[in-house]
Amino acid sequence: AYNLARSAERAGKLDDALKAYQAYLTLAPKAEDRGQVEALLPVLEKQIREQWPEVAVSSLPPGARIVLDGTASDQVTPATLRLPPGAHTLRLTVAGYAPSDRALKLAVGAAETLTVTLVPLEVEPVPMSTLKILGWTSAGLGVAGLGAGVLFTVLTNDASDKADGLA
């Protein structure tokens, strides 16, 4: 882990070097050079802060999951990200909202703020189920049948009254 950290540091991959040094300290808690490595960690962290751009990401609504360069993370908005300089793609996703993609071009030492307003998905109308249609059809037929029955009764009574008047 120590050799990996030294190689990463020489190659300018400071984030990898920092992680490898931390792994080294975990793997070798009684290392003779522990004090030197522990003193190096804040120096690397400072160099990373100076070289890697910082992006403050927030969303409306908050709590959007962050997908960076196609890789999902456990981070949600609001969040502050330290990213290597260069081009990146940021996607924010929240249930019930359309995902939002943003392209970022980050320069060394830059600090950016990104606020994304997510657009709610349109709710599609729920189609009437067959049972609902049958229920409303039955109710309509019942009302029509009741109306016809009342009309037939009135006409029958009227005809009966007329027949009684003739007799």
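Tutor: Val154 is found in helix 4, residues 130-166, where helices (H or I, at least four residues) and strands (E, at least two) are DSSP runs numbered from the N terminus. The model is a predicted one, in which local features need pLDDT of at least 70 and side-chain atom pairs count only at pLDDT 80 or more, while totals for chains, interfaces and linings use all residues. Residues are numbered from 1 along each chain as its sequence is written, and side-chain values use heavy atoms, with hydrogens and water left out.

Together with Leu146 and Val150, Val154 makes a nonpolar surface patch of about 290 Å². Such patches take residues with over 30% relative accessible area and no salt bridge, joining nonpolar side chains (Val, Leu, Ile, Met, Phe, Trp, Tyr) within 5 Å and like charges within 9 Å; the areas are Shrake-Rupley values with a 1.4 Å probe, and for residues only the protein chains shown count as cover.

At the other helices, the account turns to packing. Helix 1 and helix 2 pack at an angle of about 165°, with their axes 8 Å apart; axes are lines fitted to C-alpha atoms, for helices over the stretch in contact, and angles run from 0 to 180 degrees between N-to-C directions. That angle makes helix 1 roughly antiparallel to helix 2 (under 35 degrees counts as roughly parallel, over 145 as roughly antiparallel, 65 to 115 as roughly perpendicular and the rest as oblique). Helix 2, residues 14-27, also meets helix 3, residues 34-51, their axes coming within 9 Å and crossing at roughly 155°, and helix 2 and helix 3 are therefore roughly antiparallel to each other as well.

Because Arg6 and Glu9 are three residues apart in helix 1, residues 2-10, about one helical turn separates them. A search of the whole structure finds six salt bridges.

Four of them form an open sheet in the order 3-2-5-6 with antiparallel pairing, two strands being paired if DSSP finds at least two bridges between them. Strand 3 (71-76) and strand 6 (100-106) stand at the edges of this sheet, each with a single partner strand, so one side of each is left without a neighbour in the sheet. Neighbouring strands here are turned by 30° against each other on average, direction ignored.

Strand 2, residues 65-68, pairs with strand 3 in the antiparallel sense over three bridges, and Val67 stands opposite Ala72 in strand 3. In the loop between strand 2 and strand 3 lies Asp69, which has a positive phi of about 50° although it is not a glycine. Strand 5, residues 86-93, runs antiparallel to strand 6 and is joined to it by seven bridges, with Leu90 standing opposite Arg102 in strand 6. The hairpin of strand 5 and strand 6 has six residues between the strands, and Gly96 takes a positive phi near 90° there.

An open sheet of three strands has the order 4-1-7 and mixed pairing. Its edge strands are strand 4 (79-82) and strand 7 (111-117), each of which pairs on one side only, and the twist averages 25° from one strand to the next. Strand 1, residues 54-60, pairs with strand 7 in the parallel sense over seven bridges, with Val57 opposite Leu114 in strand 7.

The bond from Leu60 to Pro61 is cis, with omega near 0°, and Pro61 is found in the loop between strand 1 and strand 2. The bond from Thr77 to Pro78 is likewise cis, with omega near 0°, and Pro78 is found in the loop between strand 3 and strand 4.

How values were computed. Salt bridge = Lys/Arg side-chain N within 4 Å of Asp/Glu carboxyl O.
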